[in-house]
Amino acid sequence: MDDFYRELIIDRYKNPQFRGVLDPADISFEDDNPLCGDHIHIDLRVGEDGIVREARFDGKGCAISQASADLLMEKIIGMHLDEVKQISKQDILDMLGIELGPVRLKCALLSLKVLKAGVYGLGEATDDLVEDE
Amino acid sequence: MANHILTTTLDVKKIREDFPVLGRQVRPGVPLIYLDSTATSQKPTSVIETMDRFYRNSNANIHRGIHVLAEEATAAYEEAREKVRRFLNAPSSRQVIFTRNTTEAINLVAYSWGLSQLKSGDIVLLTEMEHHSNLVPWYLLAERLGLRLEYVSVSDEGLLDVADFERKLELKPKLFAFTHMSNVVGTINPAKEMIAKAHQVGAITLLDGAQSVPHFRVDVRDLDVDFLAFSGHKMCGPTGIGVLYGKKDLLEQMPPFLGGGDMIKRVTLGSFKPNELPYKFEAGTPAIAEAIGLGAAIDYLSRIGMDAIAQHEHALVSYALDRLAEIPNLRIFGPSADKKGGVVSFVMDGVHAHDIAQVLDQSGVAIRAGHHCAMPLHEKFQIPATARASFYLYNTFDEIDHLVNAIYRVKDLFGV
């Protein structure tokens, strides 16, 4: 269990660094994980050059989904939107540093799914946005 | 800790030996503590072996083949139907229709009875504690026919509001479809009284027995229910087999649901004559081995005795409620033990239900976390998800102690 709930995950769940709302924002998107009722809303401010200047998430859910969102916001600040589009499932797993079964993988990937749907300007967030294969 | 009288009439040690999976370790040195029978029950050796024996010795398609295997398979399939009839005290095995599960049984009623008997403006009465399987089929039908759906409200304690039920009956619903036992809070609804009241205003009644039929005696004649739906896999049987019981006059007036082989008497190019009950509703090759497996499950449960099983689960849930109440920051949903079956749902301040389940899994304790296919009830309680422990005939008081200890580990880890 210590492997699973690494200190980092518990810490970012309890003390998120990037929780909040940006108003106005250049890109906003939100979605739910119907399996567990996790909800993630993401706001980005993006410069003329396509670089993410500020990123915030809001929502509710399990430690995995919320910590994953918090770490993802930290990761993308300073990245170009084209780089953001390239973030993969494996990047998220590396970021969390844990192995996840198929059910909890959905929790971990919800924020990436929401982020990518927003960055691509899609109408809805779909699983194929975060499938590597 | 209060003193508990830990009594049960079941020989649980012996019962556990009947379930091979209960002997396994989920990880080296960590035995399985299975507290998720509300989702699906484990299977005894007798069920596994009955299905294995069928495939090894008697496998054939049923009803038309004229050879030994086909005759044996047909006899075993129909014998399973008779076992279900006896288990439910149904008047005739023709009123026992094999479906895939509870959901399909409810959909059968919605599409066959509902589409032919309901019209725009008719009211279907449901409750706020329904599983999605007894909500969504009616949403789909309401959209198609312009039905009006009404819901009996649920109290904070997790009980149906009797006064609200009586008010809603004054609207003269055509159908009252409700759960016998909540899969989230465990509430056992007073089905017999509610069915009688619904009948007084002329409503047809459908009882979702997914959580009741596996756990206590359900007598369709005593209940006087019009339709009863349940699943085999929650009562020690295999997945893929469920049952719809219906009153004969209703089933006879209903058009077929699915069309195909076995459900016809005669087919010409352009027309068909439907078969008699129950075959009218069993299109295509059914789940033969699964039906026979369900028959074996009914034999198993009957041998142990449904009343003894219900008593055992009641003792477990009483104990679990008392022990969980000792844990600070744990909020338990649902009524007191005397009004419920073996289900306990709870949340912990500061820890999501999925995290509770994940940490418990590390201790080998298998529970469920989520909305348990009852999102409206969770909305009512204003929580996204609950953690749910559920009990069956093979669970022990010891396992509840393990659950409690594992919950304390969650608290330690999350510092709450």
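Author: In this predicted model, 50% of the 416 residues of chain B count as buried. Chain B has 14 helices and 17 strands. Its radius of gyration is 22 Å, close to the 22 Å that the globule rule gives for 416 residues, so chain B is as compact as a globular protein of that length. The C-alpha trace spans about 70 × 55 × 35 Å along its principal axes. Among contacts in chain B between residues at least 6 apart in sequence, 71% link residues at least 24 apart. As for confidence, the average pLDDT of chain B is 95, and 99% of its residues score at least 70.

The chain is divided into two domains: domain 1 comprises 12-31 + 306-414, and domain 2 comprises 48-303. Taken over C-alpha atoms, the centres of domain 1 of chain B and domain 2 of chain B are 28 Å apart. Where they meet, domain 1 of chain B contributes 24 residues to the contact and domain 2 of chain B contributes 22 residues. On the side of domain 1 of chain B that touches domain 2 of chain B, at least two residues each come from helix H11 (306-325), strand E14 (343-348), helix H13 (375-380) and strand E17 (386-390) of chain B. H11(B) gives the most to this side, with six residues. By class, the side of domain 1 of chain B that touches domain 2 of chain B holds 12 nonpolar, six polar and six charged residues.

The interior may be considered next. In soluble globular proteins, nonpolar side chains tend to be buried together. The largest nonpolar core has 125 residues, of which B:Ile292 and B:Ile356 touch the most other members. Helix H10 (residues 288-304) of chain B gives the most to this core, with 10 residues. Domain 1 (12-31 + 306-414) and domain 2 (48-303) of chain B both supply residues to this core, so it lies between them. Leaving aside residues up to four places away in sequence, B:Ile356 touches B:Met348, B:Val351, B:Ala369, B:Ala387 and B:Val410.

B:Val201 lies in the loop between helix H7 (191-200) and strand E8 (204-208) of chain B. With 16 other C-beta atoms within 10 Å, B:Val201 is partly exposed. B:Val201 touches B:Leu169 and B:Lys172, not counting residues up to four places away in sequence. B:Val201 and B:Pro173 are 28 residues apart in sequence, yet their C-alpha atoms are 7.7 Å apart in space.

There remains the contact with the partner chain. Chain B contributes 12 residues to it and chain A contributes 13 residues. On the side of chain B that touches chain A, helix H12 (353-362) and helix H14 (397-414) of chain B are the elements that give two or more residues. H12(B) provides the largest share of this side, five residues. The residues of the side of chain B that touches chain A divide into five nonpolar, six polar and one charged. For the complex, the predictor gives an ipTM of 0.72 and a pTM of 0.89.

Notes. Residues numbered from 1 in each chain as written. Chains lettered and ligands numbered in written order. Predicted model: local features only at pLDDT ≥ 70, side-chain atom pairs only at ≥ 80, totals over all residues. Domains from an automatic or database assignment. Contact = placed C-beta atoms within 7 Å. Helix = DSSP H or I, 4+ residues; strand = E, 2+ residues; numbered from the N terminus. Nonpolar A, V, L, I, M, F, W, Y, C, P; charged D, E, K, R; others polar. Rg over C-alpha atoms; globule rule 2.2 N^0.38 Å. Buried ≥ 20, exposed ≤ 12 C-beta atoms within 10 Å, placed from the backbone. pLDDT = per-residue confidence, 0-100. Core = buried A, V, L, I, M, F, W, Y, C linked by C-beta atoms within 7 Å.
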